[in-house]
Amino acid sequence: MQRAINAVEEMDRPDCDPALLERTYAQFPLVNRFVSGWRQVYVALIRPALPRHRTGTILDIGCGGGDITRNLFRWARADGFEVRVVGIDPDPRAHDFAVRAAAKAGTDPTLLEFRRASSSDLVALGQRFDVVISNHVLHHLGPVELAGVFADSERLARTVAIHSDIRRRRSALLFFGLATLPLGGSSYVRRDGLTSIRRSFTTDELSRVVRPGWHVHAPGLYRNLAVWHAQEATS
Ligand SMILES: C[S@@+](CC[C@H](N)C(=O)[O-])C[C@H]1O[C@@H](n2cnc3c(N)ncnc32)[C@H](O)[C@@H]1O
């Protein structure tokens with residue numbers, strides 16, 4: 001199955017239906033819980049990278065409605081870390097949803113913060129974070145933006161950068177299509193999810209587009225993880 005690089009996700013259209021988009025952000029937590037595997041990534045790669053002697057920092061690039069950002073904040077706090085977690089998204093609709101969801105959850109906006117920004121905005125401000133992550137962002141990007149996000153992540157991450165995305169396989173279309181039948185017309189989750197699978201990389205393809213120093217792993221059947229360790233880059 002060829003990569004459908006020209007297929008456009010509905011949620012990326014500025015004039016898409018606002019009610020469907022709102023429900024898409026609202027349904028992301030459900031999808032992420034079943035397909036994204038961030039709890040395992042948190043335990044294996046993020047928790048060991050957080051400092052105990054000072055406030056740790058995590059950046060979520062392209063955070064969408066912010067559910068993974070909120071989960072990372074919650075897990076790190078439950079493990080006794082002092083953390084500040086920042087979720088950025090250039091799309092004002094995503095930013096607005098994430099801010100409202102965090103307010104509803106009652107989190108302190110100085111510790112869990114959402115900004116309407118791109119990774120390059122934060123690089124320009126000279127910001128650094130112990131851990132930099134993204135989920136389901138890589139397949140949205142064209143070649144120039146993709147190279148930019150990898151380069152920005154290296155500048156922004158003090159310890160580790162982790163980009164997780166869907167791995168393209170024909171069977172993923174079948175399983176995701178069946179599993180999301182009930183969500184059908186209520187949001188863009190099903191339609192955009194199927195487009196995302198067709199836009200996503202195989203593990204070999206992703207290995208060819210990362211910069212030197214990045215490692216691409218394939219946990220499970222349907223995931224790619226691109227990981228960069230600052231220590232390796234400086235040793
Ligand atoms: C499918 S959503 C994923 C949202 C969230 N990370 C999640 O997993 O639920 C992709 C998000 O990436 C954002 N995005 C697209 N291009 C981006 C870029 N160049 N830099 C940062 N975010 C971007 C979009 O605005 C969108 O909110």
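View 1. A salt bridge here means a side-chain nitrogen of Lys or Arg within 4 Å of a carboxyl oxygen of Asp or Glu. Aspartate 79 sits in the loop between helix 3 and strand 2 (83-88), and arginine 47 in the loop between helix 2 (38-46) and strand 1 (56-61), so the pair ties together parts that are 32 residues apart in sequence. Helices (H or I, at least four residues) and strands (E, at least two) are DSSP runs, numbered from the N terminus.

A quick word on the model: it is predicted, so local features need pLDDT of at least 70 and side-chain atom pairs count only at pLDDT 80 or more, while totals for chains, interfaces and linings use all residues. Residues are numbered from 1 along each chain as its sequence is written, and side-chain values use heavy atoms, with hydrogens and water left out.

**View 2. Glutamate 22 meets arginine 100.** These side chains form a salt bridge at 2.8 Å, N to O. Glutamate 22 belongs to helix 1 and arginine 100 to helix 4 (residues 92-105), so the bridge ties together parts 78 residues apart in sequence. Glutamate 22 is partly exposed at 30% relative accessibility, and arginine 100 is partly exposed at 40%.

**View 3. Glutamate 205 and arginine 168.** Here's another salt bridge, 2.7 Å from N to O. It links distant parts of the chain, 37 residues apart: glutamate 205 is in helix 9 (residues 203-209), and arginine 168 is in the loop between strand 5 (157-166) and helix 7. Arginine 168 counts as buried, at 7% relative accessibility. Searching the whole structure turns up 13 salt bridges.

**View 4. Who touches the ligand?** Look for polar side-chain atoms: one from asparagine 32 lies 3.0 Å from a ligand oxygen, and one from aspartate 89 lies 2.6 Å from a ligand oxygen. Glutamate 145 puts a polar side-chain atom 3.1 Å from a ligand nitrogen.

**View 5. Leucine 174 in helix 7.** This leucine lies in helix 7 (residues 170-179). At 51% relative accessibility, leucine 174 counts as exposed.

Definitions and conventions:
A polar contact is a pair of N or O atoms within 3.5 Å; within protein, one must be able to donate a hydrogen and the other to accept it, and residues adjacent in sequence count only if both atoms are side-chain atoms. Buried means under 20% relative accessible area, exposed over 50%, partly exposed in between (1.4 Å probe, protein chains only).
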